[in-house]
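Trainee: I have a new model open and want to learn how to read it. Where do I begin?

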Amino acid sequence: MNSTVTPFFLDARQHQYLATHTPFYYTPKTALVSWLPDHLFTLAVPVVAYWGLSIFFHILDTSGWKWLDKYRLHESEEVKSRNLVTRAQVFWAVILQQFVQTALGLWWIEEKPIGADVDHVANMLRLAEPMARAVTWVFGEKTGSHILATQGAEGLYTLYWWAIPSAKFLLGMFIIDTWQYFLHRAMHMNTFLYKKFHSYHHRLYVPYAYGALYNHPLEGFLLDTVGAALAEWIAHLSTREAMVLFGISTLKTVDDHCGYKLPWDPLQLISSNNADYHDIHHQVIGIKSNFSQPFFIHWDAILGTRMTRKDIELRRQKQQQKAHKTQ
């Protein structure tokens, strides 16, 4: 039951609006899968997403379809000849990391009220007072009061169901990007960290999809598991918000290692941090560049570690010109 006092600007009609309107993504179900609580489903989503997309790209890798050749970043034979680890070794290393990730997740993640167990109207009413102060501060007392009286319910609805979840989701993405950029960069700049830990991942000179999480177990724990836990905690994500963030970040990580530059791939369209961008990092010329992952490239751009295909071409042209001058 709602025990929160109704704010002054909400009449019966507006209160009814809040009680009867929910966005398309909402479901009152307390579990998305009847036989599995949502907090456990949240731990399963990254694993299912990882292998689901990896199998798709593995099918492309082994299909022999010639029409795919123009989208491949590397020839199939190059994958076999230049990588320093077998696919079987990669598979079992990823399984180990996902086992550790899931086990720690069972300890970390808590069961929270979900769906109809949450009093969403009461939560919206708690936002009413700070929203009213903000509206009257921006628009003035008279105009602000009019806006609240006529559109207050719609404002609360938008704030609660769209603005706050979007802000939390973006914050979670920013936290993951920030954590992974600086840890990833440190792994390259410190010789000990690179040799003992991160060099495992770079045994894949030519990346492929299910090698995305091929790491030293300690690095996998620090880079992926801890980063995701920090994002969930700092952004104060609900169980289902965390589920979506973990699922998308996993899909993005797999896609960034897929070895294809696909013009119709939505994960490669939403950001310039894509398979082609990350492939540069796996090459000798770009190993001290393009540390950003998995979402955006702002840290590379800000801190001067971004490298593009055009930058590589310009560098090679300068090397050729220098070589001609010395002859």
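Trainee: In which helix is D276 found?
Mentor: Remember as we go that this is a predicted model. D276 is found in helix α11.

Trainee: What is D276 in contact with, apart from its neighbours within four places in sequence?
Mentor: D276 is in contact with L73, K261 and R309. Now try a distance. D276 and A19 are 257 residues apart in sequence. In space they are 47 Å apart, C-alpha to C-alpha.

Trainee: Next, the backbone. What do most residues and peptide bonds look like?
Mentor: Most residues other than glycine have a negative phi, and most peptide bonds are trans. Look for the exceptions.

Trainee: Which residues does a cis peptide bond join?
Mentor: A cis peptide bond joins Q293 and P294, with omega at about 0 degrees. P294 lies in the loop between α11 (275-281) and α12 (298-303).

Trainee: What is the phi of N290, and where is N290 placed?
Mentor: Phi of N290 is near 55 degrees, a positive value in a residue other than glycine. N290 sits in the loop between α11 and α12. With a relative accessible area of 0%, N290 is buried.

Trainee: And what is the phi of H236?
Mentor: H236 is not a glycine, yet has a positive phi of about 55 degrees. H236 lies in the loop between α8 (217-234) and α9 (239-256). Over 50% relative accessible area means exposed. H236 has 61% relative accessibility, so H236 counts as exposed.

Trainee: Where is the kink in α8 centred?
Mentor: On V226, with a kink of about 30 degrees.

Trainee: How do I think about the sides of a helix?
Mentor: An α-helix has 3.6 residues a turn, so residues three or four places apart point the same way. Then look at what is buried. In α8, the buried residues include E219, L223, G227 and A231. D224, T225, A228 and A229 are also among them.

Trainee: What covers the buried residues of α8?
Mentor: The cover includes α4 (87-108), α6 (141-189) and α9.

Trainee: Now pockets. How much space lies in the largest pocket?
Mentor: Start with volume, then ask what lines the space. The largest pocket holds about 1000 Å³. Its lining has 28 residues, and Y160, P165, K168, S238 and E241 lie nearest its centre. α6 gives the largest share of that lining, eight residues. By class, the lining of the largest pocket has 16 nonpolar, eight polar and four charged residues.

Trainee: How much space lies in the second largest pocket?
Mentor: About 520 Å³. Of the 28 residues lining the second largest pocket, Q101, D224, T225, A228 and A229 are the closest to its centre. The elements that give two or more residues to this lining are α2 (38-63), α4, α6, α8 and α9.

Trainee: How does the lining of the second largest pocket divide by class?
Mentor: There are 16 nonpolar, ten polar and two charged residues.

Key
Residues are numbered from 1 along each chain as its sequence is written. This is a predicted model: local features need pLDDT of at least 70, side-chain atom pairs count only at pLDDT 80 or more; totals for chains, interfaces and linings use all residues. Side-chain values use heavy atoms; hydrogens and water are left out. Helices (H or I, at least four residues) and strands (E, at least two) are DSSP runs, numbered from the N terminus. Buried means under 20% relative accessible area, exposed over 50%, partly exposed in between (1.4 Å probe, protein chains only). The bend at a residue is the angle between axes fitted to the seven residues ending there and the seven starting there. Contact means heavy atoms within 4.5 Å. On a 1 Å grid over the protein atoms alone, a cavity is a set of points where a 1.4 Å probe fits but cannot get out, and a pocket is an open set with protein on both sides within 12 Å along at least five of seven lines; lining residues have an atom within 4 Å of a point. Grid points are joined across faces, edges and corners, and a volume is the space filled by probe spheres set on the points. Ala, Val, Leu, Ile, Met, Phe, Trp, Tyr, Cys and Pro count as nonpolar, Asp, Glu, Lys and Arg as charged, and the others, Gly among them, as polar.
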